[in-house]
Amino acid sequence: GKGYVEDSLTREFRPSFMTFTTGTTNKPVSYLYSQYDIDNLRISGSRMLDLFDIGGSQRVVSMFPFAPHLAFWQVVFGGLASSVLVMSTGGGKVMGTDGNISVLLRMQPSVILGVPSYVYHVLREAKARGCRMEFLKKVVLGAARVGEGFKLKLAELAQDMGARDVSVFGTY
């Protein structure tokens, strides 16, 4: 009936969620999402985890900042859709470097996700403190483009802390 049609149109077209670009090159650009779009974010997030071979038994630490930014929310929606345990630290502004290192050592995730410069900073600081991260298998970077040299530096840092066969991915 009429109520069903109105509800269907509302779910597909009425904005109910908003994210922004970071605005590093210009003013932030807003993106509006309907429930239909959010459902698609769940699907695409789940597919991204599949592409990176991140399964339900793995633990993930996301160091993306808590923000109305797609990278953070894509990880949240993907984890929820895939039933993957994701701990979101909020990046450096929320828990700080000490808190992020502490979470990594306590959770022992096989996967770390985050902004390239901050992930590099955390791993470099953890290495300087003598931390061991044998548990780390994958590093997934987003929100900025990364080259092969940077990926190799991150893999070497992880290997210096005991990780073996670490894969580093860029998603930008």
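Guide: A salt bridge is a side-chain nitrogen of Lys or Arg within 4 Å of a carboxyl oxygen of Asp or Glu. The model shown above is predicted, and the salt bridges in the structure number 6.

Visitor: How far apart are the N and O atoms in the salt bridge of Asp160 and Lys127?

Guide: The side chains of these two residues meet in a salt bridge, and the limit for such a contact is 4 Å. Between Asp160 and Lys127, the distance from N to O is 2.9 Å.

Visitor: Which parts does the pair of Asp160 and Lys127 tie together?

Guide: Asp160, with a relative accessible area of 45%, is partly exposed, and Lys127 is also partly exposed, at 38%. The two residues are 33 residues apart in sequence, so the pair ties together helix H6 (residues 148-160), which holds Asp160, and, on the side of Lys127, helix H5.

Visitor: Where do Lys2 and Glu6 lie?

Guide: Lys2 and Glu6 form a salt bridge, with the closest N and O atoms 3.8 Å apart. The two residues are separated by 4 residues, about one turn of the helix, and both lie in helix H1 (residues 2-13).

Visitor: Is Lys2 buried or exposed?

Guide: A residue counts as exposed when its relative accessible area is over 50%. Because the value for Lys2 is 64%, this residue is exposed.

Visitor: Which residues are linked in a network of salt bridges with Asp98?

Guide: Arg129 forms a salt bridge with Asp98, with the closest N and O atoms 2.4 Å apart. This pair links distant parts of the chain, since Arg129 is in the loop between helix H5 (116-128) and strand S6 (138-141), whereas Asp98 is in helix H4 (residues 92-107). The residues linked with Asp98 in a network are Glu125 and Arg129.

Visitor: Which element gives the most to the lining of the largest pocket?

Guide: The largest pocket has a volume of about 850 Å³. Of the 35 residues in its lining, those closest to the centre include His69, Leu70 and Gly142. Among the elements that give two or more residues are strand S1 (17-20), helix H2 (35-51) and helix H3 (70-82). With 6 residues, the element that gives the most is H3.

Visitor: How many residues of the lining of the second largest pocket are charged?

Guide: The second largest pocket has a volume of about 190 Å³. Its lining includes Met63, Lys93 and Tyr118, and S3, H4 and H5 each give two or more residues. By class, 6 residues of this lining are nonpolar and 4 are polar, while the number that are charged is 1.

Methods. Residues are numbered from 1 along each chain as its sequence is written. This is a predicted model: local features need pLDDT of at least 70, side-chain atom pairs count only at pLDDT 80 or more; totals for chains, interfaces and linings use all residues. Side-chain values use heavy atoms; hydrogens and water are left out. Buried means under 20% relative accessible area, exposed over 50%, partly exposed in between (1.4 Å probe, protein chains only). On a 1 Å grid over the protein atoms alone, a cavity is a set of points where a 1.4 Å probe fits but cannot get out, and a pocket is an open set with protein on both sides within 12 Å along at least five of seven lines; lining residues have an atom within 4 Å of a point. Grid points are joined across faces, edges and corners, and a volume is the space filled by probe spheres set on the points. Ala, Val, Leu, Ile, Met, Phe, Trp, Tyr, Cys and Pro count as nonpolar, Asp, Glu, Lys and Arg as charged, and the others, Gly among them, as polar.
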